[in-house]
Amino acid sequence: MTTSEESRTRRPLGRRFLLGLLTVAPAAAAGGAWSLPSTAGTAGTGSTGTTPARDMPIPAALRPGGEFDRYLSQLAAEDRFSGTVLVTRDGRPVLSRSFGYADKRKGIRNRADTIYCLASVTKLFTAIAVAQLAQRGSLTLLDPIGKHSSGFAAEVADRVTIHHLLTHTSGLGDFMRDPGYFEEVVTWTTPEQMMDGTLRYVRTESLAFAPGAGSTYSNSGYHVLGCIIQKVSGQSYYDYIREHVFRPAGMTDSDFTTLPQWKSGSRYAHPYPTDQSGTRNDALDGKAYVYIGNPAGNAFATAADLVRFARALNGGTLLNAVYREIFLTPKLPRLPRPDLPAVTPFASYAPDNFLINGRLVVGRGGAAPGVTTGVDWYPGTGWTAVNLSNYDRSPNADVNQRLRQILTS
C-alpha cells in the first residue's frame with residue numbers, strides 16, 4: 001500500500017487498505033543481548049567495497065539514551081508510536097527498542113521477536129522474485145504481460161511490460177478501487193481465491209495512460225507480477241517466495257500469515273488504527289483485513305528477518321551482482337514530498353532510492369490501517385534500519401525519516 005515514502009502516487013495517503021495491503025509503556029529493550037545469524041555470502045557493506053562500517057564511530061544519536069532513543073521513548077509516552085525499531089551495522093544490533101502492545105486485550109507487549117504485518121514492504125519480495133526469474137532467463141523485463149498471463153484486453157496484454165509493472169508506469173491502478181472488490185474479497189478463504197479472484201478484477205481495468213507515459217502507484221501491477229511468477233515458475237506465488245526468498249535469506253519467522261493465524265498467534269502485532277474520534281481499536285475485530293495478503297502487500301516478518309533479507313540481497317545470496325545492480329539502482333526520478341524537499345526520491349525495479357545529504361538510501365516502506373513499516377539500507381556503510389509499527393504514522397512523527405537524517409548526516 002502507499003506509504004509516506006511513496007508520496008509520488010496521485011492518490012491521497014492514509015486511505016483504508018482493505019487487504020492491509022492494511023496506556024503505552026516501553027517494553028524491555030533487546031539491544032546488545034543477541035546477534036543476527038550470519039547469512040552465507042553476505043558482506044554487510046553493500047556493493048561498493050568501502051571500509052567496513054564497524055571501523056566507523058557509532059553516531060551519538062543512536063547510542064542507548066541518545067537523541068533517537070529519547071525520541072522513540074517520547075513518541076511512545078505520548079501514545080504516538082507502538083512497535084519495534086532495529087538498527088544494525090554489518091548485521092550487529094546497534095539499537096533495538098520495542099514499545100507498546102502487540103495485543104492490548106491480552107496484555108502482550110511488543111518485543112524484538114514480534115511478527116508484524118509488512119504492508120507494501122511485501123513488494124520487495126515480489127520484485128526480487130521477478131529478478132531471480134529474469135536472472136535465470138525465464139522472462140525478460142521487456143516481455144509484454146500477455147506473454148505470461150491471459151485474459152487482458154489487447155491494449156494491456158500487448159503494450160504493458162514487466163518493466164512498466166515494476167516501475168508503476170503501466171497505467172494500471174488499484175484493484176481495491178475496482179467496483180465490487182471490497183464486497184467479494186471478504187468471502188475468500190484460500191490463497192488460490194486471493195490470487196485468481198484479484199487477477200479477475202485487474203483484468204477489467206482500463207489504462208489510465210499509455211504504458212510508460214505516466215506514473216501512478218499500482219497495487220494492480222504488482223498483483224500481475226505475482227501471477228506471472230506463478231505462471232513462469234510453476235509454483236504458487238506464496239510457495240515461490242517461501243522457497244526462493246525467505247528460506248535462502250534465513251527469514252525463519254516470515255510468511256504470508258492467514259487472518260486466523262494473525263488473530264490467534266501470540267507473537268503477532270495486532271494493528272491499532274486511529275478512528276475519527278481519536279480512538280485506537282483492534283482492526284482485526286472488523287473487516288479491514290482479509291484472509292491472506294498478496295504480491296502487493298501483507299507478508300509478515302520480524303525486524304531481525306528484514307535485516308537478514310537486506311544482507312542476503314546485498315551479499316549475493318538472492319541475486320548475483322549483475323542483477324542486484326539492475327534491480328536496486330535508480331531508474332526513474334520521483335517528485336519529492338512537499339514536506340521533505342531536500343530528499344530526492346527515485347524508483348528502481350525493487351526498492352525505492354533516496355538521495356539524502358549527498359548519500360544514497362535504499363529501501364521500502366508500507367502503510368495500512370494500524371500498520372507503518374520500513375526497511376532501509378545504506379550502500380557502502382553496513383547500516384540497515386528497520387521500523388515496524390502497529391500504529392498509523394502520527395502527524396509530525398516519522399521514524400524512518402529521523403533515522404535517515406541521522407545515518408546520512
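Biologist: What pLDDT does the protein average?

Modeller: This is a predicted model. Of the residues, 86% score at least 70. The protein averages a pLDDT of 88.

Biologist: Over which residues does pLDDT stay under 50?

Modeller: Where pLDDT is low, the predicted coordinates should not be read in detail. One such stretch has 42 contacts beyond four places in sequence in the model, and that is residues 37-53. For the other stretch the model has 139 such contacts, and that is residues 1-35.

Biologist: Where do the buried residues of helix H1 lie around the axis?

Modeller: H1 spans residues 67-77, and its buried residues are Phe68, Asp69, Tyr71, Leu72, Leu75 and Ala76. They cover an arc of only 160° around the axis, so they lie on the same side of H1.

Biologist: Which exposed residues does the face of H1 turned away from its buried side carry?

Modeller: An α-helix has 3.6 residues a turn, so residues three or four places apart point the same way. The buried side of H1 includes Leu72 and Leu75. The face turned away from that side carries the exposed residues Arg70 and Ala77.

Biologist: What do the buried residues of H1 pack against?

Modeller: H1 packs on the sheet, and its direction makes about 15° with that of E2. A helix is among the partners too. The buried residues pack against strand E1 (83-89), strand E2 (92-99) and helix H12 (399-408).

Biologist: Which strands stand at the edges of the sheet?

Modeller: Eight strands form an open sheet with antiparallel pairing, in the order E2-E1-E12-E11-E10-E9-E8-E7. A strand at the edge has a single partner strand, so one side is left without a neighbour in the sheet. The edge strands are E2 and E7 (332-333).

Biologist: Which residue in E2 does Val85 stand opposite?

Modeller: E1 and E2 pair in the antiparallel sense over seven bridges. Val85 stands opposite Arg97.

Biologist: Which residues does Phe309 touch, not counting residues up to four places away in sequence?

Modeller: Phe309 touches Leu124, Phe125, Ile128, Val245, Ala249, Met251 and Leu318.

Methods
Residues are numbered from 1 along each chain as its sequence is written. This is a predicted model: local features need pLDDT of at least 70, side-chain atom pairs count only at pLDDT 80 or more; totals for chains, interfaces and linings use all residues. Side-chain values use heavy atoms; hydrogens and water are left out. Buried means under 20% relative accessible area, exposed over 50%, partly exposed in between (1.4 Å probe, protein chains only). Helices (H or I, at least four residues) and strands (E, at least two) are DSSP runs, numbered from the N terminus. The arc is that of the directions from the helix axis to the C-beta atoms. Contact means heavy atoms within 4.5 Å. Two strands pair if DSSP finds at least two bridges between them. Axes are lines fitted to C-alpha atoms, for helices over the stretch in contact, and angles run from 0 to 180 degrees between N-to-C directions. pLDDT is the predictor's confidence in each residue, from 0 to 100.
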